[in-house]
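Please find below a colleague's note on the structure, arranged as numbered points.

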Amino acid sequence: MAQRVTLRKRTPYNTTSSRRRVVKTPGGKLVYHHLKKLATAPKCGDCGIALPGIPALRPRQYATISKTQKTVRRAYGGSRCAGCVKQRILRAFLVEEAKIVKRVIKSQQKPAGRK
């Protein structure tokens, strides 16, 4: 007959916060090891992919690690991926170019209207 394993915590319910694994000790006993919740990696705010270079931790654990581990040294480092930052820069550049072109066309049409 299999050995009985007793719960080590008071919660009898099988919830995500009380997950457990049966482990055999060096003395030959079976005991429960309570597992922590799985962490998810922070996602890019634009496209939703996991941000590379930032560890996947539980929210409170980010308070214990250094700032250099929480971000990437780039504009929008800890919130947007490199591809989305590139798109934003390109879009801003093209918008400015369009404004300049519009201004030049307007200035070329003004003298023609006066003559």
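This is a predicted model: local features need pLDDT of at least 70, side-chain atom pairs count only at pLDDT 80 or more; totals for chains, interfaces and linings use all residues.

1. Strand pairing. Strand E1 covers residues 19-24, and strand E2 covers residues 30-35. The two run antiparallel and are joined by six bridges. Two of the facing positions may be named: Val23 stands opposite Val31, and Arg20 has His34 as its bridge partner in E2.

2. The hairpin turn. Five residues lie between the strands of the E1 and E2 hairpin. Among them is Gly28, which takes a positive phi near 95°.

3. Arg20 and Tyr32. Besides its bridge to His34, Arg20 places its charged end over the ring of Tyr32, at 5.2 Å from the ring centre.

4. Ser18, ahead of E1. Ser18 belongs to the segment before strand E1. Is this residue, Ser18, buried or exposed? Ser18 has a relative accessible area of 4%, which is under the 20% cut-off, and therefore counts as buried. The side chain of Ser18 makes a polar contact of 3.1 Å with that of Thr15. Once neighbours within four places in sequence are set aside, Ser18 is in contact with Thr11 and Tyr13.

5. The nonpolar core. Which residues make up the largest nonpolar core? It consists of seven residues: Cys44, Leu51, Ile54, Tyr62, Ile65, Cys81 and Cys84. In soluble globular proteins, nonpolar side chains tend to be buried together.

6. Tyr62 within that core. Tyr62, one of the core residues, has contacts beyond its neighbours within four places in sequence: Thr40, Pro42, Ile54, Pro55, Ala56, Leu57 and Lys70. Of these, Ile54 is itself listed in the core.

7. Tyr76 and its backbone. Tyr76 is located in the loop between helix H1 (67-70) and helix H2. Tyr76 is not a glycine, although its phi is positive, at about 60°. With 44% relative accessibility, Tyr76 falls between the cut-offs of 20% and 50% and so counts as partly exposed. The ring of Tyr76 has the charged end of Arg88 over it, 4.7 Å from the ring centre.

8. Ile89 in helix H2. Helix H2 spans residues 82-114 and includes Ile89. Is Ile89 buried or exposed? Its relative accessibility is 56%, which is over 50%, and Ile89 is therefore classed as exposed. Between Ile89 and Arg19 there are 45 Å from C-alpha to C-alpha, at a sequence separation of 70 residues.

9. Ala2, like Ser18, is found in the segment before E1. Ala2 is exposed, because its relative accessible area is 64%.

Methods
Residues are numbered from 1 along each chain as its sequence is written. Side-chain values use heavy atoms; hydrogens and water are left out. A nonpolar core is a set of buried Ala, Val, Leu, Ile, Met, Phe, Trp, Tyr and Cys residues joined through side-chain atoms within 4.5 Å. Buried means under 20% relative accessible area, exposed over 50%, partly exposed in between (1.4 Å probe, protein chains only). Contact means heavy atoms within 4.5 Å. A charge sits over a ring if NZ of Lys or CZ of Arg is within 6 Å of the ring centre and within 35 degrees of the ring normal. Helices (H or I, at least four residues) and strands (E, at least two) are DSSP runs, numbered from the N terminus. A polar contact is a pair of N or O atoms within 3.5 Å; within protein, one must be able to donate a hydrogen and the other to accept it, and residues adjacent in sequence count only if both atoms are side-chain atoms. Two strands pair if DSSP finds at least two bridges between them.
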